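Me: I have a protein model open and would like to talk through it. Could you help me read it?

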Amino acid sequence: MSRKSLLNIGLLLAVLLLAFFITKHLVWDKPDAIDLSAKTPVYKLDAKTVIDFIQNEDENNLKAEQVIEVEGVVKKISYLNNRITILLGADGKENAFIICDMESNQTNKVSKIAANDTIRLKGVFKGILEDAIFLNCIISE
């Protein structure tokens, strides 16, 4: 092998090694979740109030990235794609929901919940599409 070929192989290995460490640092070592158990919520609301905010966006005081605690009735629990998602609703508000993407460490607590149970969830408010979206949710005690 020529010296130029060895230099090219060495350069290629260095680039691959650098790419591996950058990917590891940015993707794999990044914590998947925020520990909300110690965070104080900005608001403690019921599901009807949040859904009213959804329907009256001009009066919406909810800001993205705020930790908010919501109490509501479980309409559905989904286990799609290895993610646990709880849909909260309110009586008389059948077309709008609060979508709570649960932390993976909440599996045992979620298994004890059924549709029509009233629960309190704490999560990071991400915004409103047709429903209110909360991520990193935990069940509040």
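The conversation below goes through the overall layout, the strands, the cysteines and the surface.

Me: What kind of model is this?
Reply: It is a predicted model.

Me: How many helices and strands does the protein have?
Reply: The protein contains three helices and six strands. Along the sequence, they follow the pattern α-β-α-β-β-β-α-β-β.

Me: Which strands does β1 pair with, and in which sense, parallel or antiparallel?
Reply: Strand β1 (residues 43-46) pairs with strand β2 (residues 67-78) in the parallel sense, over four bridges. Within these two strands, D46 stands opposite E71 of β2.

Me: And how many bridges join β2 to β5?
Reply: There are seven bridges between β2 and strand β5 (residues 118-128), and these two strands run antiparallel. Here E69 stands opposite K122 in β5.

Me: What about β2 and β3?
Reply: Strand β3 (residues 85-90) pairs with β2 in the antiparallel sense, over five bridges. I77 stands opposite I86 in β3. The two strands form a hairpin with six residues between them. In the turn, N81 has a positive phi of about 55°.

Me: Changing topic: how many disulfides are there?
Reply: A search of the whole structure finds zero disulfides. For C100, the nearest cysteine sulfur is that of C137, 4.0 Å away. A disulfide requires two cysteine sulfur atoms within 2.5 Å, and C100 is in no disulfide. C137 is likewise in no disulfide, with the sulfur of C100 as its nearest cysteine sulfur.

Me: Are those two buried or exposed?
Reply: C100 counts as buried, at 2% relative accessibility. C137 is buried as well, with a relative accessible area of 1%. The cut-off for buried is under 20% relative accessible area.

Me: How much of the protein counts as buried?
Reply: Of its 141 residues, 36% count as buried. The accessible surface of the protein comes to about 9300 Å², and 56% of that belongs to carbon and sulfur atoms.

Me: Which residues form a nonpolar patch on the surface?
Reply: The patch is formed by M1, L6, I9, L12, L13 and L16, which together have about 660 Å² of accessible area. L16 lies in helix α1 (residues 3-28).

Me: Why does L16 count as exposed?
Reply: L16 is exposed because its relative accessible area is 51%, and exposed means over 50%.

Me: Lastly, what about contacts between residues at least 6 apart in sequence?
Reply: Among those contacts, 62% join residues at least 24 apart.

Methods: Residues are numbered from 1 along each chain as its sequence is written. This is a predicted model: local features need pLDDT of at least 70, side-chain atom pairs count only at pLDDT 80 or more; totals for chains, interfaces and linings use all residues. Side-chain values use heavy atoms; hydrogens and water are left out. Patches are made of residues with over 30% relative accessible area and no salt bridge: like charges are joined within 9 Å, nonpolar side chains (Val, Leu, Ile, Met, Phe, Trp, Tyr) within 5 Å. Accessible areas come from the Shrake-Rupley method with a 1.4 Å probe; for residues, only the protein chains shown count as cover. A salt bridge is a side-chain nitrogen of Lys or Arg within 4 Å of a carboxyl oxygen of Asp or Glu. Buried means under 20% relative accessible area, exposed over 50%, partly exposed in between (1.4 Å probe, protein chains only). Two strands pair if DSSP finds at least two bridges between them. Contact means heavy atoms within 4.5 Å.
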